[in-house]
Amino acid sequence: MTDQPEASAVATPLQHVLPGWIDYNGHMNVGYYAIAFDQAFEHFLTDALALGEAWVAETGQGPYALQSHMHYLDELLEGAAFRVNFRLLDADAKRLHVFAEMRREADGALCATLEQLLMNVDLTTRRSTPYPPEAQARIAALRAAHAGLERPAQAGAPIGIRRRG
């Protein structure tokens with residue numbers, strides 16, 4: 001983790017579409033998009049905010065997902081390499097509002113997005129709790145670094161059938 005977050009989305013390590021992730025349509029099944037985002041999210045928490053598994057073990061606090069919204073924009077086929085980039089849209093003492101883009105490595109195509117709201121939870125009481133001051137400082141620094149990034153088109157998008165007329 002760096003002391004000064006960069007004014008760009010946080011890139012996570014390259015992943016590949018595994019054979020078992022392919023459905024009968026011949027592309028990555030929707031359930032595995034969630035798994036791929038979740039695996040990348042752990043890198044984001046650890047590398048960008050120092051709030052990953054070691055922090056959870058040390059503090060007894062961890063992130064709980066409150067809401068998620070995915071957009072599926074392009075196919076990923078077996079073996080395709082992809083990367084997930086995260087940005088912090090907003091945060092307060094207890095919550096993180098994150099946005100992730102899944103991009104195919106070969107051509108940079110945006111294949112899926114994930115918008116998620118998370119809450120910090122004390123794992124003993126199973127109740128929400130504020131992040132400790134040092135974690136809040138890291139979160140605030142990343143939020144400030146990401147404040148100048150263009151808001152993603154899919155962020156906050158409603159779900160529903162669009163009708164012409």
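This is a short tour of the model in your viewer, one selection at a time.

Before you click, know that you are looking at a predicted model, where local features need pLDDT of at least 70, side-chain atom pairs count only at pLDDT 80 or more, and totals for chains, interfaces and linings use all residues. Residues are numbered from 1 along each chain as its sequence is written, and side-chain values use heavy atoms, with hydrogens and water left out.

**Stop 1: a negative patch**

Select Asp 38, Glu 42, Asp 47 and Glu 53, which form a negative surface patch. Patches are made of residues with over 30% relative accessible area and no salt bridge, with like charges joined within 9 Å and nonpolar side chains (Val, Leu, Ile, Met, Phe, Trp, Tyr) within 5 Å. Asp and Glu count as negative, Lys and Arg as positive, while His and the chain ends are not counted. Each charge is placed at NZ of Lys, CZ of Arg, CG of Asp or CD of Glu. The areas come from the Shrake-Rupley method with a 1.4 Å probe, and for residues only the protein chains shown count as cover.

Now colour helix H1, residues 30-49: it gives the most to the patch, with three residues. Helices (H or I, at least four residues) and strands (E, at least two) are DSSP runs, numbered from the N terminus. Glu 42 sits in H1, and at 32% relative accessibility Glu 42 counts as partly exposed. The cut-offs are under 20% for buried, over 50% for exposed, and partly exposed in between (1.4 Å probe, protein chains only).

**Stop 2**

Pick Ala 50, in the loop between H1 and helix H2 (53-59). Phi of Ala 50 is near 55 degrees, a positive value in a residue other than glycine. Ala 50 is partly exposed because its relative accessibility is 29%.

**Stop 3: salt bridges**

A search of the whole structure finds seven salt bridges, each a side-chain nitrogen of Lys or Arg within 4 Å of a carboxyl oxygen of Asp or Glu. Show Asp 74 and Arg 104: their closest N and O atoms are 3.0 Å apart. Asp 74 lies in the loop between strand E3 (61-72) and strand E4 (81-91), and Arg 104 in strand E5 (residues 95-104), so this pair ties together parts 30 residues apart in sequence. Asp 74 is partly exposed at 34%, whereas Arg 104 is buried at 16%.

Bridges with shared partners join Asp 74, Arg 104 and Asp 107 into one network.

Next, select Glu 105 and Arg 83, whose side chains form a salt bridge at 3.5 Å, N to O. That pair links distant parts of the chain, 22 residues apart: Glu 105 is in the loop between E5 and strand E6 (110-122), and Arg 83 is in strand E4.

**Stop 4: around E7**

Go to Thr 125, in the loop between E6 and E7. Its C-alpha atom is 9.8 Å from that of Gln 61, though the two are 64 residues apart along the chain. Arg 126 lies in the loop between E6 and E7, with phi near 60 degrees, a positive value in a residue other than glycine. At 51% relative accessibility, Arg 126 counts as exposed.

Finish at Thr 129, in the loop between strand E7 (127-128) and helix H3 (133-146). Thr 129 is buried, at 18% relative accessibility. Leaving aside neighbours within four places in sequence, Thr 129 is in contact (heavy atoms within 4.5 Å) with Gln 61, Lys 94, Asn 120, Val 121 and Asp 122.
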